[in-house]
Amino acid sequence: MPAESAPFTPMPSLLDHIRPQALSLPESGIVEVMNYGRGHEGLIPLWAGEGDLPTPAFISEAATRSLAAGETFYTWQRGIPELRAAIARYMHRLYGVADDPERYFVTGSGMQSIQIALQLTLSAGEEILIPSPSWPNAAAAAEVIGARPVFVPFAFDEARGFWLDLDRLESAVTPRTRVIFINSPANPTGFVASLDTLRGVLDIARRHGLWIVADEIYGRFFFEEGGNGLAPSFHDIMEPEDRILFVQTFSKNWAMTGWRLGWIEAHPALGDVLENLIQYSTSGVAAFMQRAGVAALERGESFVEHQIERARRGRDIVAAGLATSNRVRFASPPGAFYMFFGVEGEADMRALALKLVDEANIGLAPGTAFGPGGESYIRMCFARGEAQITEATARLVGWLKR
């Protein structure tokens, strides 16, 4: 006869034995709506922070040539020299900064740039100030380290839009504060810091000995008339020894969200430390992807300009449509490519996002995904072609007027 099996003893949950910081990370409210809406025939997906254009062929072909040439081995941890030089020329052309490749470090996405910047500047138990509502990933990256994000609420009025109260920001500084995270132009609010606001943030950082992590990835998506096409930047006001780390990505300008390619800009004195942090996370970025980055920077200017103009038209279409409804609270954003608006009579933005999938066949992101202050808003990405944005706006406004 077969031996009797031992009685089954349930194992303790594996979740009981992992770091609390990993366990407590919030699920993405954007992904929830995306998963809910997938498969809805004819749905217009405006929930993610990307446009509808694929990566241009000249960029993809550069990667293909690299693969065909056998560039499949380990490569420079800081990035191939050709890409770092191309980034330096690009940034010199835009901002007039020194054409110095030693300031640039290639990463596997803007998100990894943020992770590395925070690993460089934050320890467990320390604090990072983040104006909110905000893209949630920076706060989550701090929490994984064991640091504490401190959210500083944006002010808002329909005439001015979202703006940063510098007194409110400085009052949030404590002895544990180490970093101020500034995303301008901002996701999801469209906030753009003026030069005076940037000077104020820099003054606060200098007074308190803080780092600034400057996320300026939407710097080209700036819609004010009469300017040079660039949002105000810390590059315009900083001194060489200021404690500023810039995080950047290829995702938005060159329609490369799926490539996961970015860079950090920092003082060359930090080079060895940044190289080590890249080495001990990904050991560098694949060479063929970096060749694509070179092509984007050297040949992609007309495509970037086309992207910006499409976003400008998309913003104007959405703003004109929303203005016909008396249920919407919004201000036309001066930068980035999101409309962040409230809807009268709708208190639960998560439920509203799911309802719009079912009843209007459009996909938007609930403001609850963007932290404190976002609870009464919903986000619409307008980086799309004119026909699609016009149709999506008509569906939304039609639903609002029912």
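Reader: Which residue stands opposite P366 in β15?

Author: I378 does. This is a predicted model, where local features need pLDDT of at least 70, side-chain atom pairs count only at pLDDT 80 or more, and totals for chains, interfaces and linings use all residues. Residues are numbered from 1 along each chain as its sequence is written, and side-chain values use heavy atoms, with hydrogens and water left out.

Reader: In what order do the strands of the open sheet lie?

Author: Strands are DSSP runs of E with at least two residues, numbered from the N terminus, and two of them pair if DSSP finds at least two bridges between them. Here the order is β11-β12-β15-β14, with antiparallel pairing. The edge strands, β11 (328-329) and β14 (365-366), each pair on one side only.

Reader: How many salt bridges does the structure hold?

Author: A salt bridge needs a side-chain nitrogen of Lys or Arg within 4 Å of a carboxyl oxygen of Asp or Glu. The structure holds 25. In one of them, E265 meets R103, with the closest N and O atoms 3.3 Å apart. These two partners are 162 residues apart in the chain.

Reader: Are E265 and R103 buried or exposed?

Author: Buried means under 20% relative accessible area, exposed over 50%, and partly exposed in between (1.4 Å probe, protein chains only). Both E265 and R103 are buried.

Reader: Why does E346 count as buried?

Author: Because its relative accessibility is 16%. E346 forms a salt bridge with K355, at 3.6 Å between the closest N and O atoms. K355 counts as partly exposed because its relative accessibility is 28%.

Terms used
Helices (H or I, at least four residues) and strands (E, at least two) are DSSP runs, numbered from the N terminus.
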